[in-house]
Amino acid sequence: MTRVTFQEKYYPAVKETLYQAKLENGLTVSLLPKNDFNEVYGVVTVYVGSVDTEFTARDSKKKIYPKGIAHFLEHKLFERENSEDIMAAFTKLGADSNAFTSFTNTSYLFSTSDNVAGCLDLLDELVTSFKITEESVEREKDIIQQEREMYQDDPDSCLFFKTLANLYPETPLASDIVGTEDSIEDISLEDLRDNFDEFYTPVNSQIFLVGNFDLELIQNYFSQKDVGGCIVQNPKEPIALHPVKKVESIRMDVASPKLAIGVRTNSDMSHQDCYRYSVLLRALFTMMFGWTSKRFQSLYETGKLDSSLSLEVEINRRFNFLMLTMDTKEPVSISHQFRKAIQSFVTDADISEEHLDLIKSEIYGEFIHSMNSLEFIATQYQSHSDETTLFDLPKIIQEMTLDDVLEVGHHFIDNSEIVEFTIFPL
(Lines give C-alpha, C1' and ligand atoms only; values in the text may rest on other atoms or scores of the structure.)
Protein backbone atom coordinates (compact mmCIF):
# COMPACT_ATOMS: atom_id res chain seq x y z
CA MET A 1 0.00 0.00 0.00
CA THR A 2 1.33 3.43 -1.00
CA ARG A 3 0.41 6.10 1.49
CA VAL A 4 -1.48 9.02 -0.03
CA THR A 5 0.28 12.34 0.48
CA PHE A 6 -2.04 15.00 1.90
CA GLN A 7 -1.14 18.63 1.33
CA GLU A 8 -1.61 20.93 4.32
CA LYS A 9 -3.15 24.38 4.01
CA TYR A 10 -3.35 26.62 7.05
CA TYR A 11 -6.04 29.30 7.32
CA PRO A 12 -4.83 31.84 9.91
CA ALA A 13 -8.14 33.72 10.16
CA VAL A 14 -9.88 30.64 11.58
CA LYS A 15 -6.76 28.89 12.91
CA GLU A 16 -7.62 25.72 10.99
CA THR A 17 -5.49 23.35 8.91
CA LEU A 18 -7.09 21.60 5.94
CA TYR A 19 -5.55 18.36 4.65
CA GLN A 20 -6.26 17.68 1.00
CA ALA A 21 -5.29 15.02 -1.54
CA LYS A 22 -6.33 13.90 -5.00
CA LEU A 23 -6.34 10.11 -5.31
CA GLU A 24 -5.13 8.33 -8.43
CA ASN A 25 -8.74 7.56 -9.35
CA GLY A 26 -9.51 11.31 -9.41
CA LEU A 27 -11.38 11.62 -6.10
CA THR A 28 -10.64 14.80 -4.12
CA VAL A 29 -10.42 14.21 -0.35
CA SER A 30 -10.47 17.07 2.18
CA LEU A 31 -10.04 16.57 5.93
CA LEU A 32 -10.57 19.17 8.67
CA PRO A 33 -9.84 17.85 12.20
CA LYS A 34 -11.66 19.79 14.93
CA ASN A 35 -10.94 17.95 18.13
CA ASP A 36 -12.85 20.39 20.34
CA PHE A 37 -16.09 18.83 19.02
CA ASN A 38 -17.63 15.45 19.87
CA GLU A 39 -19.11 14.68 16.45
CA VAL A 40 -17.87 14.03 12.94
CA TYR A 41 -19.64 15.06 9.75
CA GLY A 42 -18.80 13.46 6.43
CA VAL A 43 -20.20 14.44 3.04
CA VAL A 44 -19.54 13.13 -0.42
CA THR A 45 -20.59 15.45 -3.23
CA VAL A 46 -21.10 14.29 -6.80
CA TYR A 47 -21.05 17.04 -9.42
CA VAL A 48 -24.43 16.31 -10.96
CA GLY A 49 -27.63 18.21 -10.29
CA SER A 50 -31.00 19.19 -11.67
CA VAL A 51 -29.50 21.07 -14.64
CA ASP A 52 -27.74 17.96 -15.94
CA THR A 53 -30.56 16.54 -18.04
CA GLU A 54 -28.93 17.33 -21.38
CA PHE A 55 -25.23 16.63 -21.78
CA THR A 56 -22.50 15.15 -23.96
CA ALA A 57 -21.59 11.75 -22.54
CA ARG A 58 -18.08 10.32 -22.35
CA ASP A 59 -18.72 8.47 -25.62
CA SER A 60 -19.34 11.92 -27.24
CA LYS A 61 -23.04 11.19 -27.77
CA LYS A 62 -25.68 13.78 -26.89
CA LYS A 63 -27.97 12.56 -24.09
CA ILE A 64 -31.35 13.89 -22.97
CA TYR A 65 -33.09 12.61 -19.83
CA PRO A 66 -36.28 13.53 -17.94
CA LYS A 67 -36.15 16.52 -15.61
CA GLY A 68 -35.68 15.58 -11.96
CA ILE A 69 -33.52 12.54 -12.67
CA ALA A 70 -30.62 13.63 -10.41
CA HIS A 71 -33.00 14.03 -7.45
CA PHE A 72 -34.69 10.68 -8.24
CA LEU A 73 -31.30 8.95 -8.31
CA GLU A 74 -30.39 10.54 -4.96
CA HIS A 75 -33.51 8.92 -3.43
CA LYS A 76 -32.87 5.50 -4.91
CA LEU A 77 -29.16 5.08 -4.17
CA PHE A 78 -29.99 4.42 -0.52
CA GLU A 79 -31.58 1.17 -1.71
CA ARG A 80 -29.99 -2.18 -1.01
CA GLU A 81 -30.98 -5.68 -2.04
CA ASN A 82 -33.73 -7.54 -0.17
CA SER A 83 -35.65 -4.30 0.64
CA GLU A 84 -32.89 -3.07 2.95
CA ASP A 85 -31.55 0.46 2.78
CA ILE A 86 -28.31 2.22 3.62
CA MET A 87 -30.03 4.78 5.84
CA ALA A 88 -30.95 1.94 8.22
CA ALA A 89 -27.33 0.78 8.11
CA PHE A 90 -26.18 4.24 9.22
CA THR A 91 -28.67 4.09 12.09
CA LYS A 92 -27.25 0.73 13.22
CA LEU A 93 -23.86 2.44 13.50
CA GLY A 94 -25.40 5.17 15.66
CA ALA A 95 -25.16 7.73 12.83
CA ASP A 96 -27.65 10.06 11.18
CA SER A 97 -27.70 10.35 7.39
CA ASN A 98 -29.26 12.60 4.80
CA ALA A 99 -28.93 13.67 1.18
CA PHE A 100 -29.87 16.65 -0.97
CA THR A 101 -29.80 17.69 -4.62
CA SER A 102 -29.08 21.21 -5.86
CA PHE A 103 -28.85 22.68 -9.36
CA THR A 104 -25.32 21.35 -9.90
CA ASN A 105 -24.53 18.87 -7.08
CA THR A 106 -25.86 15.85 -5.23
CA SER A 107 -24.56 15.38 -1.69
CA TYR A 108 -24.76 12.49 0.79
CA LEU A 109 -24.13 13.33 4.44
CA PHE A 110 -23.63 11.54 7.75
CA SER A 111 -22.98 12.65 11.32
CA THR A 112 -21.64 10.37 14.03
CA SER A 113 -19.69 10.30 17.26
CA ASP A 114 -18.24 6.83 16.64
CA ASN A 115 -17.19 4.35 13.92
CA VAL A 116 -16.18 6.97 11.35
CA ALA A 117 -14.54 4.39 9.07
CA GLY A 118 -17.74 2.33 9.00
CA CYS A 119 -19.73 5.41 8.02
CA LEU A 120 -17.21 6.21 5.30
CA ASP A 121 -17.68 2.67 3.96
CA LEU A 122 -21.42 3.32 3.74
CA LEU A 123 -20.84 6.63 1.94
CA ASP A 124 -18.61 4.77 -0.50
CA GLU A 125 -21.32 2.17 -1.05
CA LEU A 126 -23.86 4.93 -1.72
CA VAL A 127 -21.94 6.41 -4.63
CA THR A 128 -20.34 3.27 -6.10
CA SER A 129 -23.09 0.65 -5.92
CA PHE A 130 -26.21 0.55 -8.11
CA LYS A 131 -28.80 -1.93 -6.79
CA ILE A 132 -32.03 -0.27 -7.92
CA THR A 133 -34.89 -2.46 -9.15
CA GLU A 134 -37.65 -1.76 -11.66
CA GLU A 135 -40.31 -2.33 -9.01
CA SER A 136 -38.79 0.17 -6.59
CA VAL A 137 -38.53 2.83 -9.32
CA GLU A 138 -42.28 2.67 -9.91
CA ARG A 139 -42.92 2.75 -6.16
CA GLU A 140 -40.69 5.80 -5.72
CA LYS A 141 -42.58 7.83 -8.31
CA ASP A 142 -45.57 8.24 -6.00
CA ILE A 143 -43.31 9.42 -3.15
CA ILE A 144 -41.58 12.02 -5.30
CA GLN A 145 -44.89 13.20 -6.80
CA GLN A 146 -46.07 13.93 -3.24
CA GLU A 147 -42.84 15.85 -2.57
CA ARG A 148 -43.36 17.85 -5.78
CA GLU A 149 -46.93 18.76 -4.77
CA MET A 150 -45.70 19.92 -1.38
CA TYR A 151 -43.25 22.33 -3.02
CA GLN A 152 -45.92 23.55 -5.44
CA ASP A 153 -48.23 24.40 -2.55
CA ASP A 154 -45.52 26.41 -0.77
CA PRO A 155 -45.75 30.08 -1.87
CA ASP A 156 -42.07 30.90 -1.18
CA SER A 157 -40.85 27.88 -3.14
CA CYS A 158 -43.29 28.71 -5.93
CA LEU A 159 -42.09 32.33 -6.02
CA PHE A 160 -38.45 31.32 -6.32
CA PHE A 161 -38.78 28.63 -8.98
CA LYS A 162 -41.28 30.50 -11.17
CA THR A 163 -39.00 33.54 -11.16
CA LEU A 164 -36.06 31.31 -12.05
CA ALA A 165 -38.11 29.77 -14.87
CA ASN A 166 -38.67 33.25 -16.31
CA LEU A 167 -34.94 33.99 -16.11
CA TYR A 168 -34.02 30.72 -17.85
CA PRO A 169 -37.00 29.63 -19.97
CA GLU A 170 -36.74 26.43 -22.02
CA THR A 171 -33.87 25.10 -19.89
CA PRO A 172 -33.63 22.63 -16.97
CA LEU A 173 -33.65 25.64 -14.59
CA ALA A 174 -37.25 26.29 -15.65
CA SER A 175 -38.37 23.23 -13.67
CA ASP A 176 -38.27 22.41 -9.96
CA ILE A 177 -35.29 20.33 -8.85
CA VAL A 178 -37.63 17.36 -8.30
CA GLY A 179 -38.94 17.61 -11.88
CA THR A 180 -42.44 17.90 -13.31
CA GLU A 181 -45.42 15.57 -12.96
CA ASP A 182 -44.79 14.14 -16.45
CA SER A 183 -40.99 13.97 -16.22
CA ILE A 184 -41.09 12.02 -12.96
CA GLU A 185 -43.36 9.44 -14.59
CA ASP A 186 -40.99 9.21 -17.57
CA ILE A 187 -37.92 8.25 -15.51
CA SER A 188 -36.90 4.63 -16.09
CA LEU A 189 -34.47 2.19 -14.51
CA GLU A 190 -32.31 2.43 -17.65
CA ASP A 191 -32.22 6.25 -17.35
CA LEU A 192 -31.06 6.01 -13.74
CA ARG A 193 -28.37 3.44 -14.55
CA ASP A 194 -27.07 5.57 -17.46
CA ASN A 195 -26.84 8.65 -15.25
CA PHE A 196 -25.16 6.72 -12.47
CA ASP A 197 -22.56 5.32 -14.86
CA GLU A 198 -21.94 8.74 -16.40
CA PHE A 199 -21.65 10.95 -13.32
CA TYR A 200 -20.95 8.77 -10.29
CA THR A 201 -17.23 8.53 -10.91
CA PRO A 202 -14.40 9.44 -8.48
CA VAL A 203 -13.10 12.27 -10.68
CA ASN A 204 -16.57 13.83 -10.65
CA SER A 205 -16.78 13.74 -6.83
CA GLN A 206 -15.24 15.08 -3.67
CA ILE A 207 -15.41 13.96 -0.04
CA PHE A 208 -15.07 16.17 3.01
CA LEU A 209 -14.70 15.14 6.65
CA VAL A 210 -14.86 17.55 9.58
CA GLY A 211 -14.89 17.02 13.34
CA ASN A 212 -13.26 14.86 16.00
CA PHE A 213 -11.47 12.05 14.16
CA ASP A 214 -8.04 10.41 14.18
CA LEU A 215 -6.27 12.12 11.28
CA GLU A 216 -3.64 9.41 10.72
CA LEU A 217 -6.24 6.64 10.79
CA ILE A 218 -8.41 8.43 8.19
CA GLN A 219 -5.43 9.20 5.97
CA ASN A 220 -4.55 5.49 6.04
CA TYR A 221 -8.19 4.67 5.23
CA PHE A 222 -8.01 6.67 1.99
CA SER A 223 -4.60 5.23 1.14
CA GLN A 224 -6.27 1.81 1.05
CA LYS A 225 -9.00 3.23 -1.21
CA ASP A 226 -6.52 4.73 -3.69
CA VAL A 227 -6.98 2.13 -6.42
CA GLY A 228 -8.21 2.21 -10.00
CA GLY A 229 -7.59 4.53 -12.90
CA CYS A 230 -9.02 8.00 -13.43
CA ILE A 231 -11.97 8.17 -15.85
CA VAL A 232 -11.94 11.35 -17.93
CA GLN A 233 -15.06 13.48 -17.40
CA ASN A 234 -16.41 15.70 -20.18
CA PRO A 235 -16.76 19.37 -19.20
CA LYS A 236 -20.32 20.45 -18.48
CA GLU A 237 -21.83 22.99 -20.85
CA PRO A 238 -23.25 26.42 -19.93
CA ILE A 239 -27.03 26.77 -19.67
CA ALA A 240 -28.58 28.25 -22.83
CA LEU A 241 -29.72 31.87 -22.66
CA HIS A 242 -33.16 32.37 -24.19
CA PRO A 243 -35.16 35.64 -23.99
CA VAL A 244 -36.46 36.20 -20.47
CA LYS A 245 -40.12 36.61 -19.50
CA LYS A 246 -39.95 40.03 -17.87
CA VAL A 247 -43.20 40.27 -15.87
CA GLU A 248 -45.63 37.65 -14.54
CA SER A 249 -48.02 37.26 -11.62
CA ILE A 250 -50.30 34.60 -10.16
CA ARG A 251 -52.70 34.31 -7.22
CA MET A 252 -52.29 31.98 -4.24
CA ASP A 253 -53.53 31.68 -0.69
CA VAL A 254 -51.14 34.22 0.89
CA ALA A 255 -51.78 36.91 3.50
CA SER A 256 -49.72 39.56 1.68
CA PRO A 257 -48.32 39.92 -1.85
CA LYS A 258 -44.93 38.30 -2.48
CA LEU A 259 -42.46 39.86 -4.90
CA ALA A 260 -39.34 38.45 -6.54
CA ILE A 261 -36.86 40.41 -8.64
CA GLY A 262 -34.47 38.20 -10.59
CA VAL A 263 -31.34 39.40 -12.37
CA ARG A 264 -29.50 37.28 -14.94
CA THR A 265 -26.16 38.32 -16.33
CA ASN A 266 -25.14 37.42 -19.86
CA SER A 267 -21.48 38.25 -19.18
CA ASP A 268 -18.80 35.63 -19.68
CA MET A 269 -17.66 33.95 -16.44
CA SER A 270 -14.95 31.70 -17.86
CA HIS A 271 -12.09 33.78 -16.43
CA GLN A 272 -13.73 34.75 -13.15
CA ASP A 273 -12.96 33.53 -9.66
CA CYS A 274 -16.58 32.57 -9.09
CA TYR A 275 -16.46 32.27 -5.29
CA ARG A 276 -14.82 35.68 -4.83
CA TYR A 277 -17.17 37.14 -7.44
CA SER A 278 -20.24 35.89 -5.57
CA VAL A 279 -18.98 37.37 -2.27
CA LEU A 280 -18.40 40.79 -3.86
CA LEU A 281 -21.74 40.75 -5.67
CA ARG A 282 -23.53 39.85 -2.45
CA ALA A 283 -21.79 42.75 -0.71
CA LEU A 284 -22.95 45.16 -3.43
CA PHE A 285 -26.60 44.13 -3.20
CA THR A 286 -26.51 43.99 0.58
CA MET A 287 -25.33 47.60 0.61
CA MET A 288 -28.23 48.59 -1.63
CA PHE A 289 -31.04 46.52 -0.14
CA GLY A 290 -29.90 44.92 3.15
CA TRP A 291 -31.19 45.87 6.57
CA THR A 292 -28.34 48.39 7.09
CA SER A 293 -29.28 50.36 3.96
CA LYS A 294 -31.15 53.67 4.15
CA ARG A 295 -33.51 52.29 1.50
CA PHE A 296 -34.53 49.28 3.61
CA GLN A 297 -34.82 51.30 6.82
CA SER A 298 -37.13 53.82 5.16
CA LEU A 299 -39.35 51.14 3.61
CA TYR A 300 -39.39 49.13 6.85
CA GLU A 301 -40.38 52.13 8.98
CA THR A 302 -43.28 52.96 6.64
CA GLY A 303 -44.49 49.34 6.65
CA LYS A 304 -43.78 48.74 2.96
CA LEU A 305 -41.23 45.99 3.66
CA ASP A 306 -40.65 43.57 6.52
CA SER A 307 -37.85 41.25 7.63
CA SER A 308 -38.76 38.67 4.96
CA LEU A 309 -36.47 40.37 2.42
CA SER A 310 -33.80 37.88 1.31
CA LEU A 311 -31.04 37.68 -1.29
CA GLU A 312 -29.98 34.58 -3.23
CA VAL A 313 -26.76 34.68 -5.29
CA GLU A 314 -25.75 31.85 -7.64
CA ILE A 315 -22.49 32.32 -9.54
CA ASN A 316 -20.75 29.57 -11.50
CA ARG A 317 -19.42 28.99 -14.99
CA ARG A 318 -22.69 27.50 -16.26
CA PHE A 319 -25.33 30.04 -15.13
CA ASN A 320 -25.36 33.17 -13.01
CA PHE A 321 -28.25 34.95 -11.34
CA LEU A 322 -29.33 36.68 -8.18
CA MET A 323 -32.79 37.03 -6.72
CA LEU A 324 -34.39 39.34 -4.20
CA THR A 325 -37.59 37.99 -2.61
CA MET A 326 -39.86 39.77 -0.15
CA ASP A 327 -43.36 40.22 1.25
CA THR A 328 -44.72 43.68 0.48
CA LYS A 329 -48.10 45.38 0.35
CA GLU A 330 -46.87 47.55 -2.53
CA PRO A 331 -45.18 45.15 -4.99
CA VAL A 332 -45.53 47.39 -8.05
CA SER A 333 -43.96 50.42 -6.34
CA ILE A 334 -41.21 48.39 -4.66
CA SER A 335 -40.35 46.61 -7.91
CA HIS A 336 -40.00 49.94 -9.70
CA GLN A 337 -37.74 51.34 -6.94
CA PHE A 338 -35.54 48.25 -6.78
CA ARG A 339 -35.14 47.88 -10.53
CA LYS A 340 -34.23 51.54 -10.87
CA ALA A 341 -31.67 51.21 -8.06
CA ILE A 342 -30.06 48.17 -9.71
CA GLN A 343 -29.74 49.87 -13.08
CA SER A 344 -28.19 53.02 -11.56
CA PHE A 345 -26.16 51.31 -8.83
CA VAL A 346 -23.04 53.46 -9.37
CA THR A 347 -24.78 56.56 -7.98
CA ASP A 348 -26.68 54.77 -5.21
CA ALA A 349 -26.52 56.68 -1.93
CA ASP A 350 -26.06 53.46 0.06
CA ILE A 351 -22.82 52.51 -1.71
CA SER A 352 -19.87 53.96 0.17
CA GLU A 353 -16.57 52.97 1.79
CA GLU A 354 -18.12 53.29 5.27
CA HIS A 355 -21.10 51.11 4.41
CA LEU A 356 -18.89 48.50 2.78
CA ASP A 357 -16.78 48.32 5.96
CA LEU A 358 -19.97 47.68 7.94
CA ILE A 359 -21.07 44.95 5.52
CA LYS A 360 -17.62 43.32 5.64
CA SER A 361 -17.77 43.22 9.43
CA GLU A 362 -21.25 41.69 9.28
CA ILE A 363 -20.19 38.99 6.79
CA TYR A 364 -17.09 38.18 8.82
CA GLY A 365 -19.08 37.98 12.07
CA GLU A 366 -21.61 35.59 10.52
CA PHE A 367 -18.77 33.46 9.17
CA ILE A 368 -17.00 33.19 12.53
CA HIS A 369 -20.29 32.28 14.21
CA SER A 370 -20.95 29.60 11.59
CA MET A 371 -17.62 27.94 12.43
CA ASN A 372 -19.32 26.66 15.61
CA SER A 373 -21.54 24.39 13.49
CA LEU A 374 -20.04 21.24 11.98
CA GLU A 375 -23.20 20.77 9.93
CA PHE A 376 -22.83 24.23 8.39
CA ILE A 377 -19.18 23.62 7.57
CA ALA A 378 -19.92 20.21 6.04
CA THR A 379 -22.84 21.36 3.90
CA GLN A 380 -21.26 24.65 2.77
CA TYR A 381 -17.74 23.40 2.10
CA GLN A 382 -16.75 23.00 -1.52
CA SER A 383 -13.38 22.94 -3.20
CA HIS A 384 -13.86 25.18 -6.23
CA SER A 385 -12.11 24.83 -9.56
CA ASP A 386 -9.64 27.56 -8.58
CA GLU A 387 -8.99 25.70 -5.27
CA THR A 388 -10.73 28.32 -3.13
CA THR A 389 -12.90 27.04 -0.29
CA LEU A 390 -15.25 28.34 2.38
CA PHE A 391 -12.20 29.09 4.54
CA ASP A 392 -10.90 31.64 2.03
CA LEU A 393 -13.82 33.94 2.87
CA PRO A 394 -11.96 35.97 5.55
CA LYS A 395 -9.12 36.70 3.11
CA ILE A 396 -11.61 37.70 0.39
CA ILE A 397 -13.36 40.04 2.83
CA GLN A 398 -10.11 41.56 4.06
CA GLU A 399 -8.87 42.31 0.53
CA MET A 400 -12.24 43.55 -0.77
CA THR A 401 -12.32 47.21 -1.84
CA LEU A 402 -15.15 49.41 -3.04
CA ASP A 403 -13.53 49.56 -6.49
CA ASP A 404 -13.54 45.73 -6.60
CA VAL A 405 -17.23 45.65 -5.70
CA LEU A 406 -18.12 48.25 -8.34
CA GLU A 407 -16.09 46.38 -10.96
CA VAL A 408 -18.04 43.18 -10.28
CA GLY A 409 -21.25 45.22 -10.31
CA HIS A 410 -20.47 46.54 -13.78
CA HIS A 411 -19.53 43.09 -15.06
CA PHE A 412 -22.76 41.56 -13.75
CA ILE A 413 -25.32 44.35 -14.18
CA ASP A 414 -24.20 46.13 -17.38
CA ASN A 415 -24.99 43.03 -19.43
CA SER A 416 -27.97 41.78 -17.43
CA GLU A 417 -31.71 41.24 -17.79
CA ILE A 418 -34.23 41.73 -14.99
CA VAL A 419 -37.53 39.96 -14.37
CA GLU A 420 -40.21 40.36 -11.73
CA PHE A 421 -42.71 37.85 -10.44
CA THR A 422 -45.56 38.60 -8.02
CA ILE A 423 -47.89 36.36 -6.04
CA PHE A 424 -51.07 38.20 -5.13
CA PRO A 425 -53.60 37.00 -2.51
CA LEU A 426 -56.70 35.20 -3.77
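**A chat about helix α11**

Visitor: How far apart are the end C-alpha atoms of helix α11, residues 331–343, and what should the helix span?

Guide: They sit 18 Å apart, which agrees with the 18 Å that 13 residues should span at 1.5 Å a residue. The expected span is 1.5 Å times one less than the number of residues. Helices here are DSSP runs (H or I, at least four residues) and strands are E runs of at least two, numbered from the N terminus. This is a predicted model, where local features need pLDDT of at least 70, side-chain atom pairs need 80 or more, and totals for chains, interfaces and linings use all residues. Residues are numbered from 1 along each chain as its sequence is written, and side-chain values use heavy atoms, without hydrogens and water.

Visitor: New topic: where is E420, and is it buried or exposed?

Guide: E420 is in strand β14, and it counts as buried because its relative accessibility is 14%.

Visitor: Which side chain does E420 join in a polar contact?

Guide: That of S335, at 2.7 Å. A polar contact is a pair of N or O atoms within 3.5 Å; within protein, one must be able to donate a hydrogen and the other to accept it, and residues adjacent in sequence count only if both atoms are side-chain atoms.

Methods
Buried means under 20% relative accessible area, exposed over 50%, partly exposed in between (1.4 Å probe, protein chains only).
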